[in-house]
Number of protein chains: 2
Amino acid sequence: MSKEEKKREVEVRPRNWLVPVILLTLREWNSYGYELMERTAAFGFEAMNPGTLYRTLRQMEKNGVVKSKWETSKGGPARRVYSITDAGEAYLDFWADALEQYRRNVDVFFRMYTGRPPRNDKNDKEGGDG
Amino acid sequence: MSKEEKKREVEVRPRNWLVPVILLTLREWNSYGYELMERTAAFGFEAMNPGTLYRTLRQMEKNGVVKSKWETSKGGPARRVYSITDAGEAYLDFWADALEQYRRNVDVFFRMYTGRPPRNDKNDKEGGDG
DNA sequence: ATATGTATGTGTAAACTGCACATATATATG
DNA sequence: CATATATATGTGCAGTTTACACATACATAT
């Protein structure tokens, strides 16, 4: 396994990370799929896949956290413009709570990763071989 | 959707979070599945599922990041005691890098979530209704 | 022989996601 | 009208991950 391959393998985003990112963006301004693809880059989605994004938006509307309407006045293909709902703002708050909890877990990880000396002895941590 | 249901829905753990947690624990002392179930609680796995843990351990051994041997000397059922390999320590370092990157993304999220006033106006953020 | 606690493991189904592919509109060009 | 291009939205499918239920096995006590 090369260094590059390992890095590609480790995708450190929580499941559905796209959902709170979209909600947070829509809380500030209404937007549509094609534009959201650019904005999500700041949150770790450097090469956002269109299919994933549009599917997520539809799922979110089905769940009632966003709503949409067609916008045809701007020239070019029609855009489905999304806005956040009250349920969506509440859901975003849940995500914020959960993310704070998770951040504490990651802190535990880093304290143990950097703080303590590795190769402590508790069991018999085979000193030689296996 | 009740508050409880929503909370259950939002699981803010990255994919394979169990992997670095196991590696980090094994870096300090050798251990086995049943014992690891308790230790993972500190990292957000409060009700660890045995099946998930054992399957993950086997997958990790297949990938060469841990190795195991049977221990039958302690009384009770035999334990498969795992230890981290050199490849495992290197893999743990990759995870640490990725987690730091991810933490930056979460920081961006929280700055936007708490820092700025919601309901800014950029597009036409429908002032009234939908 | 039965029950209990310890310990490891599999089968299956649901959810999530990346990749490839399909569709549709507006504009420019010939 | 025909074609190409940029914009914009959407579906099919397959691989991975994971939760839940279930199965297996050993040691000890009674």
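Because the model is predicted, local features need pLDDT of at least 70 and side-chain atom pairs count only at pLDDT 80 or more, while totals for chains, interfaces and linings use all residues. Residues are numbered from 1 along each chain as its sequence is written, and chains are lettered from A and ligands numbered from 1 in the order in which they are written.

In chain A, three strands form an open, antiparallel sheet in the order β1-β3-β2, where strands are DSSP E runs of at least two residues and helices are H or I runs of at least four, numbered from the N terminus, and where two strands pair if DSSP finds at least two bridges between them. The edges are taken by β1 (31–32) and β2 (66–71) of chain A, each of which has a single partner strand, so one side of each is left without a neighbour in the sheet. Between β1(A) and β3(A), residues 79–84, there are two bridges in the antiparallel sense, and Tyr32(A) has Val81(A) as its bridge partner in β3(A). Helix α2(A) packs on this sheet and touches β1, β2 and β3 of chain A, with its direction at about 90° to that of β3(A); here contact requires C-beta atoms, placed from the backbone, to lie within 7 Å.

Helix α2(A), residues 18–28, also packs against α4(A), at an angle of about 75° and with the axes 11 Å apart. The two helices are therefore roughly perpendicular, a class that covers 65 to 115 degrees, whereas angles under 35 count as roughly parallel, over 145 as roughly antiparallel and the rest as oblique. Axes are lines fitted to C-alpha atoms, for helices over the stretch in contact, and angles run from 0 to 180 degrees between N-to-C directions. Leu18(A), Val19(A) and Ile22(A) of α2(A) meet Thr56(A), Leu57(A) and Met60(A) of α4(A), which by class amounts to five nonpolar, one polar and no charged residues.

Phe43(A) lies in the loop between α3 (33–39) and α4 (50–62) of chain A. Phe43(A) counts as buried because 23 C-beta neighbours lie inside 10 Å, the cut-off being 20 or more other C-beta atoms within 10 Å, with 12 or fewer for exposed and partly exposed in between. Leaving aside residues up to four places away in sequence, Phe43(A) touches Val21(A) as well as Asn105(B), Val108(B) and Phe109(B).

Conventions: Two residues are in contact if their C-beta atoms, placed from the backbone, lie within 7 Å. Ala, Val, Leu, Ile, Met, Phe, Trp, Tyr, Cys and Pro count as nonpolar, Asp, Glu, Lys and Arg as charged, and the others, Gly among them, as polar.
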